[in-house]
Amino acid sequence: MDAILLQILNGLDKGSAYALIALGLTLIFGTLGVVNFAHGALFMIGAFCAVTMQRLLGLSYQVIDETQKDFLGNPLTVNVSYMEGWFGPEIGQAIVDWSVPLAILLAIPVMALVGFAMERGLIKHFYRRPHAEQILVTFGLAIVLQEIIKHFFGANPIPAGAPDVFAGSFDFGALIGLGGGSIIYPYWRMVYFLFSVAVIGGVFAFLQYTTFGMVVRAGMADRDTVGHLGINIDRRFTIMFGLAAAVAGMAGVMYAPILSPNYHMGMDFLVLSFVVVVVGGMGSLPGAVLAGFLLGILQSFASMNEVKSIIPGIDQVIIYLVAIVILLARPRGLLGRAGVMEN
Amino acid sequence: MFGLDAKDTRFLLIVMFLTLATPVLLQPFPETSSLAQFNAGYPDLMQRFAIFGIFAIGFNILFGLTGYLSFGHAAFLGVGSYSVVWMYKLLDYNVLPGLILAVVVSGLFAVVIGFISLRRSGIYFSILTLAFAQMSYNLAYSVLTPITNGETGLQVYSNDPQVLLTEAGPHLPHLFGLVMSDATRVRLGDWVFTFNFGYYFTAIIAIIVFYISLRIFRSPFGMILRAIKSNRTRLDYAGINTKPYMLAAFVVSGMYAGLAGGLLAAMDPLAGAERMQWTASGEVVLMTILGGAGTLLGPVLGAAFIKYFENIFSKINEGVLHTWFGWLPDGLEDFIITIVHPFVGEGWHLTLGLLFVLVVVFLPGGMIEGLNRIAGLFNKKSEKSEEAQDSKSDARESQPAE
């Protein structure tokens with residue numbers, strides 16, 4: 001029992017990341033009808049927002065401290081970070097410590113801007129062109145974004161730590177009465193899961209309960225009719241693109257403590273996220289979320305030693321196998337609407 | 001000649017000449033000049049031109065003719081490499097058995113993968129091929145280690161059986177005693193030309209497979225493939241079963257990729273799983289689109305262009321830039337170098353990505369379309385004065401785009 005629970009928990013953090021990226025991909029595909037191969041790059045830029053925030057908050061200036069002397073008796077020069085200088089040592093240090101969650105504040109505007117720029121500058125010219133060309137142009141764009149990040153941050157992974165409060169692990173088994181020590185789970189992964197549930201819930205609520213969301217949903221169902229009613233649906237779709245980019249960015253920011261950001265992490269996630277989208281069903285938002293979590297958990301089950309001893313190597317291929325089976329048996333995916341990209 | 005009309009024969013002869021003269025043509029700058037670093041006439045790079053040319057020609061038979069975008073062709077490249085190295089390990093360093101095995105095995109792989117993937121079209125086809133390639137890559141890295149030697153990569157060890165190997169036989173990849181890395185250097189004044197057996201071996205194979213692809217383009221089979229691209233439903237209604245044609249195209253292009261992979265191992269007796277990674281599949285897509293999908297020569301141009309960039313452009317570092325712009329005033333020099341530097345050297349991928357985006361947006365026909373447009377400009381100008389000559393040169397200029 002606890003072994004199964006542990007694998008489910010282990011699958012949740014990866015599954016959350018897949019679900020968040022796939023959600024954005026599906027939003028873009030459902031609204032604009034564009035297959036966005038650059039979405040992984042947006043996730044990666046989000047992760048580097050966390051790195052940037054960490055560096056910004058860590059900026060410091062030098063002061064000469066008269067109370068401390070070095071061994072020659074001269075006053076010591078100490079680095080004081082601006083945060084400590086402005087807010088006092090305690091709050092300042094807390095701010096620096098919480099740089100990754102705070103980076104969300106940076107990521108949302110940055111990612112929305114990047115999203116707007118991408119959509120207005122490039123992707124809007126590709127609405128009417130075949131999906132293959134959309135894949136190609138966004139693939140090229142992904143290379144460009146990746147190289148820009150590589151130019152500024154270098155090729156090596158840069159660690160960005162979680163706040164100290166969430167640094168360790170906690171005893172999940174004791175918490176739910178399964179006996180202490182049976183399930184040890186890192187805090188931050190739990191935070192990531194809860195965060196992604198909140199974001200996913202927020203996006204769904206936005207689409208379901210606001211007028212704006214209603215119009216967007218109407219536009220997804222029948223773009224032309226909504227246009228004929230005198231609603232500027234293109235502008236709303238552009239905003240949705242920005243939103244999808246922001247979701248990918250937030251997913252990236254919060255993933256930074258789990259996987260140190262490097263410039264090609266987006267591509268690694270993108271391939272899997274596409275598989276997730278296809279398994280969930282092109283254009284289906286609940287499908288994307290469901291498939292994201294399902295595949296994440298499935299992957300973690302496949303990497304159990306018991307399973308691996310029966311079918312060696314299954315952990316490496318399980319997601320692709322599932323994708324192939326789903327595509328052949330039920331091409332519209334788990335929750336896809338009939339008739340959407342089915343041929 | 002060879003079952004081609006006069007126009008195609010001339011085209012083929014030009015391609016043959018260009019391929020065989022590459023060691024001279026790509027060495028335009030004398031060894032002593034500062035531009036010598038732009039020379040591409042060294043064996044390793046020329047072999048890559050030919051090998052990736054073959055890869056791209058094969059990919060183009062699938063993508064260019066039928067419009068099916070495969071994101072998993074690197075799997076065949078890897079399979080080809082592994083086959084050749086295994087033949088080294090079991091028999092001896094003669095490349096021929098390995099290359100035959102590479103083509104056969106990658107063909108078999110392509111039959112299986114193609115049979116399944118071709119049940120879907122559009123983006124689903126892309127994702128299915130991608131899934132298969134990633135599976136092969138992941139397996140090659142993990143459980144298939146006994147066959148692929150995992151992360152280390154497959155190579156020949158001294159305790160391998162190598163049953164045909166004699167003491168006298170060359171201990172390097174060779175074709176019946178002709179060693180691939182053998183090269184003759186010819187010095188003409190300041191120019192140095194390297195004629196390498198490995199390059200000529202790959203070049204002759206490249207010419208042969210180019211000829212095959214030319215025949216496919218001109219054949220009724222090629223016509224059906226093109227018809228699939230423009231309207232598959234209509235073909236179905238016309239009573240033509242398109243599936244066998246698609247599978248045949250997929251298998252042929254898979255065999256091309258396997259051959260290219262085999263040749264990679266024939267030049268350098270190593271095979272690693274990273275050749276199967278999806279970035280390698282992406283690279284051949286870049287090559288084909290950049291050069292011009294659906295044209296005969298485009299993919300080869302694209303492959304040569306990208307490999308040239310990768311090897312030559314990436315070597316331009318800050319020091320080289322300083323020597324170039326040294327004649328400028330200091331402030332201006334630094335300014336220009338700050339701007340140019342991110343795009344060259346380590347950052348050549350950035351230039352490639354930008355170029356690729358521009359090509360997809362503005363020149364969907366790739367470099368070939370660009371060349372045709374330029375040729376068209378000149379033709380328009382000369383049209384008024386010499387109309388008679390125009391039709392002739394027009395026919396010649398539009399040839400590469402078939």
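How many bridges join β4(B) to strand β5 of chain B? The model is a predicted one, in which local features need pLDDT of at least 70, side-chain atom pairs count only at pLDDT 80 or more, and totals for chains, interfaces and linings use all residues. Residues are numbered from 1 along each chain as its sequence is written, while chains are lettered from A and ligands numbered from 1 in the order in which they are written.

Six bridges connect β4(B) to β5(B) (residues 191-196), and the two strands run antiparallel. Strands (E, at least two residues) and helices (H or I, at least four) are DSSP runs numbered from the N terminus, and two strands pair if DSSP finds at least two bridges between them. B:Ala183 has B:Asn196 of β5(B) as its bridge partner. Two residues lie between the strands of this hairpin, where B:Gly189 takes a positive phi near 60 degrees.

In chain A, helices α8 (residues 187-209) and α9 (residues 211-221) pack at about 85 degrees with axes 5 Å apart. The axes are lines fitted to C-alpha atoms over the stretch in contact, and angles run from 0 to 180 degrees between N-to-C directions. The two helices are therefore roughly perpendicular (65 to 115 degrees). A:Phe206, A:Leu207, A:Gln208 and A:Tyr209 of α8(A) meet A:Gly213, A:Val216 and A:Arg217 of α9(A), contact being defined by C-beta atoms, placed from the backbone, within 7 Å.

The contact between the chains takes 32 residues from chain A and 34 residues from chain B. On the chain B side, α6 (122-141), α12 (278-291) and α16 (348-362) each supply at least two residues, and α6(B) gives the most, with twelve.

The largest nonpolar core has 215 residues, and A:Val275, A:Ala323 and B:Phe55 have the most contacts inside it. Such a core is a set of buried Ala, Val, Leu, Ile, Met, Phe, Trp, Tyr and Cys residues joined through C-beta atoms within 7 Å. Leaving aside neighbours within four places in sequence, A:Val275 is in contact with A:Ile319, A:Tyr320, A:Ala323, B:Ile127 and B:Ala131.

A:Ile158, in the loop between α6 (131-153) and β3 (169-171) of chain A, is partly exposed, with 18 other C-beta atoms within 10 Å. A:Ile158 lies 9.2 Å from A:Leu259, C-alpha to C-alpha, although 101 residues separate them in sequence.

Terms used
Angles under 35 degrees count as roughly parallel, over 145 as roughly antiparallel, 65 to 115 as roughly perpendicular and the rest as oblique. Two residues are in contact if their C-beta atoms, placed from the backbone, lie within 7 Å. A residue is buried if 20 or more other C-beta atoms lie within 10 Å of its own, exposed if 12 or fewer, and partly exposed in between; C-beta atoms are placed from the backbone.
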